[in-house]
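Subject: Structure handover

Hi,

Here is the structure I promised to pass on. My notes follow below it.

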Amino acid sequence: MTIDLVPGSSGLIDAGGDKKITYFSNKYVLGLTVIAGIGGLLFGYDTDPLSTFLSGVISGALLYIRDDFKAVDQSSVLQETIVSMALLGAIIGAATGGWINDTHGRKSATLIADVIFAVGSFVMASAPDPYVLIFGRLLVGIGVGIASVTAPMYIAEAAPSEIRGGLVSTNVLMITGGQFLSYLVNLGFTQVRGTWRWMLGIAAIPAILQFSLMLLLPESPRWLYKNRSSSEAIAMLSKIYDPDRLQDELQQLSAALDEERRNRNSVRYRDVFKIKEIRLAFVAGAGLQAFQQFTGINTVMYYSPTIVQMAGFGSNQLALQLSLIVALMNAAGTIVGIYLIDHVGRRKLALSSLTGVILSLILLAVAFFLESSGHANMGWVAVLGLVLYISAFAPGMGPVPWTVNSEIYSESYRGICGGMSATVNWVSNLIVAQSFLSIADAVGIGMTFLILAGIGVVAVGFVVVFVPETKGLTFEEVEKLWRERAWGCGNNGNVTQSLLEDDEA
């Protein structure tokens, strides 16, 4: 059974002439996007940026967990394990999420993620000891990891190419909304009996809501067309495109899938590195995911209270208020990114974002260097650097990596490559979480920010060299782009040739 949110279409070609596609011109696609994006809400609420120890609902809950479990209060290892276990789970979930998506479909993967997340939330809320709590955190992380792969993919495959970037970026907006929600929940349950159990257990509600709504939604049309029923896929696509545009989409989809079936019977992980065009796409996608973490988003968020204290405001309550303000800035910046990503383009948006990130990190480094040297009034310079960083990162390096990874892989490899790239993101997150405090202790906060600025410069070079512009391109046009990059502009996309040459290599 499927739910028809709005009958009709939103294609470029309409009976009355040309019609421009907008984000609100087809409420069916918008409804799919919002429901799938609830996975991003779970992502932000319970996990991201987990490694900062300041954001996410667990940061507030941990204060009360220490009161109930004396073993946790007396062991920093247990505290770190409770916080970090969700990251480990997310790595596991992302690593397996691609296979689940390819084998069972995007809808089924979402349902599986919701069940795991809800069970994990209930386990945490009822945990009799810290070890059961840790197991619940692992389950929640696995659910988040699967959702982080699935939601962008599902949205991208149902979205018209003209607005695909903005719709996929809506998932990132839900992530930032989840972060903001976690702060509100922390505030709301501070005076309630069983504080931390409510904080962690209430996370099951959006998972249950998404599960219920997803039961009414169809599978991804592209996965349906390839794996199960072309008639079901056509029925869904007819709600997105007008008849003329629908015919074009189906012709491209049919031709692409026929070519894949002729040239390859199975999908193997090793082929991601053996087939040149797939390898180039994966390097671009995974690199963006890594640089999203290594350009310092979690580090800057970690030091935001310190930055406020440098400006002369030292209360803990103000630090929490700052977290709310930063979360709102992050969400507002993501809304700007939703508009820009389909107008400016992925590549230009990433480059401009990284430029702002580099400048802000340099400003933060200078502020901390001068403050440590005894210069007064450096706090406001650091606050300016913080505002500039969030303003630059949120519209660009926040949504661009997830958008690009949802659209640059061929149909057969979209699941496994998306899962592998998401795994790179979570592993990079873990590396930053486990290393940046040690680096800051060894070289100082100012030098740490300067190192991150240097990584930002490397990221600019990476985008220039490895990341093509995919704004407005269909999935088939993106595949052709990678074949031309791999085998030259004169190649018309002979996949057999590329496979043979790579196998011989």
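Start with the contacts in the protein chain that have a separation of 6 or more: 82% of them join residues 24 or more positions apart. Please keep in mind that this is a predicted model.

The overall picture comes next. The protein chain holds 24 helices and two strands. It has 505 residues, and 58% of them are buried. Its accessible surface is about 19,400 Å². Carbon and sulfur atoms supply 65% of that surface.

Helix 14 covers residues 276-294, and helix 23 covers residues 475-487. Their axes come within 8 Å and cross at roughly 105°. Angles from 65 to 115 degrees count as roughly perpendicular, so helix 14 is roughly perpendicular to helix 23. On the helix 14 side, the contact is made by K276, E277, L280, A281 and A284. Helix 23 contributes W482, R483, R485, A486 and W487. By class, the residues of this contact are six nonpolar and four charged, with no polar ones.

Is Q289 buried or exposed? Its relative accessible area is 1%. Buried means under 20%, so Q289 is buried. What is Q289 in contact with, leaving aside its neighbours within four places in sequence? The list is P401, W402, N405, S421, A422 and N425.

Best wishes

Definitions and conventions. Residues are numbered from 1 along each chain as its sequence is written. This is a predicted model: local features need pLDDT of at least 70, side-chain atom pairs count only at pLDDT 80 or more; totals for chains, interfaces and linings use all residues. Side-chain values use heavy atoms; hydrogens and water are left out. Axes are lines fitted to C-alpha atoms, for helices over the stretch in contact, and angles run from 0 to 180 degrees between N-to-C directions. Helices (H or I, at least four residues) and strands (E, at least two) are DSSP runs, numbered from the N terminus. Angles under 35 degrees count as roughly parallel, over 145 as roughly antiparallel, 65 to 115 as roughly perpendicular and the rest as oblique. Contact means heavy atoms within 4.5 Å. Ala, Val, Leu, Ile, Met, Phe, Trp, Tyr, Cys and Pro count as nonpolar, Asp, Glu, Lys and Arg as charged, and the others, Gly among them, as polar. Buried means under 20% relative accessible area, exposed over 50%, partly exposed in between (1.4 Å probe, protein chains only). Accessible areas come from the Shrake-Rupley method with a 1.4 Å probe; for residues, only the protein chains shown count as cover.
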